[in-house]
Amino acid sequence: MSTLHSWLMRLPFLQWERPTTSLLRNEALAGITVGLMVVPQGIAYASLAGMPLITGIYASMLPALIAVLFSASPRLSVGPTALSCLLVSASLAGLAEPGSARWIELAVWLALLSGLLQIGLGFVRSGWLLSLVNAPVLMAFTQGAAVLIIASQLPGLLGLQGGWLAQLIEPRFHVATLAFGVGAYLALLVARRFRKSFPTVLLLVVITSAISAWTGFEAHGGAVIGDLPQGLPGIYLPGWPGWDTLSQLVLPTLVLTLVSFLETASSARVDSRDQGQRWDREQDLIGHGLGKIASGLSGAFPTSTSFSRSALNRYAGARTGWSVLFSVAVVALALLFTPALHHVPMAVLAAIVVAAVQGLIAPGDFVRLWRVSRVETGIAIITFVITIVSAPRLYWGVLAGVVMALSHFLFMRLHPRIIEVGLHPDGSLRDRHLWNLPVLGPTTYALRMDAALDFATVNGFERAITQYLAQHPNTRHVMLVAHPINWIDATGAEAFGTLRTQLAAQDITLHLVGLKLPVEKVLKAAGHLNLGPGLKMYRTEAEALQSPWEDTPEPEGTPDQDGKLRSEATPERAE
């Protein structure tokens with residue numbers, strides 16, 4: 001019984017702050033604000049996913065409730081997002097007709113598979129696997145997806161009729177649709193500059209619905225939301241899609257899980273930092289995975305975390321998950337009044353999507369990345385281009401970015417930074433060639449490797465020493481500054497033993513400086529640290545420099561006001 005009690009007390013919702021009148025008042029205000037925003041957004045994003053519009057409301061209710069109860073970040077707004085909905089549409093393109101029963105069934109399978117994958121990763125504490133996408137790749141993919149989202153919404157926003165080719169040759173506009181779309185978009189832009197917590201989207205939907213009904217917009221050929229089912233969703237149990245179809249959903253499931261959780265991470269880190277807590281990544285994986293399964297069983301599509309709605313929830317004063325419960329209540333109430341949405345123009349939904357997504361397009365991010373890393377900028381640009389070109393299979397963009405980023409990472413690991421060091425005027429050992437320093441001694445090779453000594457770096461390590469000894473046959477001392485080496489594996493230990501044998505055969509003494517304890521333990525266990533004439537160890541650089549094994553040069557320069565030596569010339573860049 002005590003074990004069951006301790007397990008139950010670990011459930012996230014049992015850790016919420018106890019409700020008081022003051023707390024519930026603030027939570028209700030924040031929850032109602034977000035709920036009034038999520039209803040029209042959910043309908044708009046359902047259209048983007050190719051799903052029946054009502055599923056956007058379904059995906060905003062039960063999934064949000066389940067996610068907030070079982071995740072570690074209770075102030076996040078879970079439901080439809082533009083990026084996840086675009087991925088749903090891209091994943092199912094060619095497998096079924098958008099809006100058809102088959103399309104709905106496959107979207108539900110995406111939600112179930114993605115949810116199960118997240119729950120599994122959370123339980124085995126393998127959330128680190130989802131960190132394989134670095135920031136430049138995610139930034140480029142997000143911006144490429146944003147461009148595709150806006151492009152897909154422009155015909156509906158502008159009232160363009162016919163295919164893209166016909167629109168380019170001879171654009172034809174539905175004037176009333178154009179007025180609703182552009183007007184709604186401009187209204188959202190203006191409202192964004194003022195009070196963020198005001199339910200502008202809901203007010204816009206109400207006003208445009210009234211104007212649409214009054215002017216007979218639908219009767220004159222305008223596209224409207226139309227009739228939506230009333231009442232709560234029933235349990236949806238999808239049929240078996242077949243192994244062939246299921247295999248085609250594996251890759252989209254992986255990408256959708258990866259991208260949606262990265263969306264969650266961007267909001268959860270901010271939320272945890274604001275509350276001064278550590279982000280429990282695995283618990284959020286489990287909670288949001290359960291939310292995806294709840295969405296699938298509601299007959300909806302995979303959900304994710306909305307950064308904008310989560311920020312609005314915090315901005316409105318939410319402190320706990322009680323605000324999300326109020327938001328869910330607003331969504332459930334909206335299901336009783338779906339006939340009021342009948343006359344809302346589809347152009348208004350397109351404007352909602354475009355206004356929400358356009359902030360993701362930020363060319364300045366590429367410029368800032370260029371200042372930091374040229375290679376990663378190239379990876380980001382290629383990711384952006386592949387995302388655009390591969391549409392509708394845009395997930396190839398993020399996969400290509402991941403492969404390029406991991407390849408760059410492996411290249412850097414296989415080519416560790418190994419430098420020859422010399423005595424700097426400040427008394428430290430630094431890059432001899434960068435700072436134009438003299439050799440440490442006439443028969444000494446002093447080097448430092450800024451990497452672990454493992455299977456990926458041993459070749460570079462051995463090559464650096466072997467080449468130097470071949471070019472300087474008079475070398476009698478090799479000094480390895482080892483404090484940057486914080487890890488060694490069996491291959492590294494074997495390479496170290498080989499190096500000792502090689503140096504002993506040439507009557508060369510190895511001097512180890514600053515060897516860390518974990519590395520020392522491995523080398524001792526391998527039998528490679530038996531001290532003797534061929535091996536000496538020092539804890540610090542100063543201790544090594546003061547040893548009498550060879551005369552070292554005096555630091556060049558003149559003393560400054562503090563009595564420290566300073567160099568006559570300073571290099572333009574630091575080591």
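Buried here means under 20% relative accessible area. With that in hand, here are my notes on this predicted model.

1. Start with helix α5, residues 82–92. Of its 11 residues, 10 are buried, so the helix is largely enclosed by the rest of the structure. The buried set runs Ala 82, Leu 83, Ser 84, Cys 85, Leu 86, Leu 87, Val 88, Ala 90, Ser 91 and Leu 92.

2. Mean pLDDT for the chain is 86, and 91% of the residues reach 70 or more. Residues 1–9 fall below 50, and that stretch has three contacts in the model beyond near neighbours in sequence. Residues 554–575 are also below 50, but there the model shows 36 contacts beyond near neighbours in sequence. Where pLDDT is low, the predicted coordinates should not be read in detail.

3. Thr 305 is worth a look. This residue is in strand β2, residues 304–306, and counts as buried because its relative accessibility is 1%. What does its side chain make polar contacts with? One partner is the side chain of Thr 264, at 2.8 Å; another is the side chain of His 288, at 3.4 Å. Leaving out residues up to four places away in sequence, Thr 305 touches a set that includes Leu 76, Ser 77, Val 78, Thr 81 and Ser 310.

4. On to the rings: the structure holds six aromatic pairs. Phe 180 and Phe 217 make an edge-to-face pair, 4.9 Å centre to centre with 70° between the planes. Phe 180 sits in helix α9 (residues 175–192) and Phe 217 in the loop between α10 and α11, so to speak two distant parts of the chain, 37 residues apart, linked by the pair. Both Phe 180 and Phe 217 are buried.

5. Phe 366 and Phe 384 are edge-to-face because their planes are at 80°, with ring centres 6.0 Å apart. Phe 366 belongs to helix α16 (residues 364–372) and Phe 384 to helix α17, so this pair ties together parts 18 residues apart in sequence. Is each of the two buried or partly exposed? Phe 366 is buried, at 15% relative accessible area, whereas Phe 384 is partly exposed, at 25%.

6. Two other ring features to click on. Trp 109, Trp 240 and Trp 243 form one aromatic cluster. Over at Trp 435, the charged end of Arg 430 sits over the ring, 4.9 Å from its centre.

7. The peptide bond from Ala 391 to Pro 392 is cis, with omega near 10°; Pro 392 is in the loop between α17 (374–389) and α18 (395–414). Asn 436 is not a glycine, yet has a positive phi of about 55°. Asn 436 lies between β4 (429–431) and β5 (444–449), in the loop, and counts as exposed at 69% relative accessibility. Asp 507 also has a positive phi, near 60°, in the loop between α20 (490–505) and β7 (509–513). With a relative accessible area of 59%, Asp 507 is exposed.

8. Ile 211 and Pro 345 are 134 residues apart in sequence, and their C-alpha atoms are 9.7 Å apart in space. Ile 211 is in helix α10, residues 200–215, and is partly exposed at 36% relative accessible area.

Terms used:
Residues are numbered from 1 along each chain as its sequence is written. Side-chain values use heavy atoms; hydrogens and water are left out. Helices (H or I, at least four residues) and strands (E, at least two) are DSSP runs, numbered from the N terminus. Buried means under 20% relative accessible area, exposed over 50%, partly exposed in between (1.4 Å probe, protein chains only). pLDDT is the predictor's confidence in each residue, from 0 to 100. Contact means heavy atoms within 4.5 Å. A polar contact is a pair of N or O atoms within 3.5 Å; within protein, one must be able to donate a hydrogen and the other to accept it, and residues adjacent in sequence count only if both atoms are side-chain atoms. Rings of Phe, Tyr and Trp (its six-membered ring) pair if their centres lie within 6.5 Å; planes under 30 degrees apart count as stacked, over 60 as edge-to-face and the rest as tilted. A charge sits over a ring if NZ of Lys or CZ of Arg is within 6 Å of the ring centre and within 35 degrees of the ring normal.
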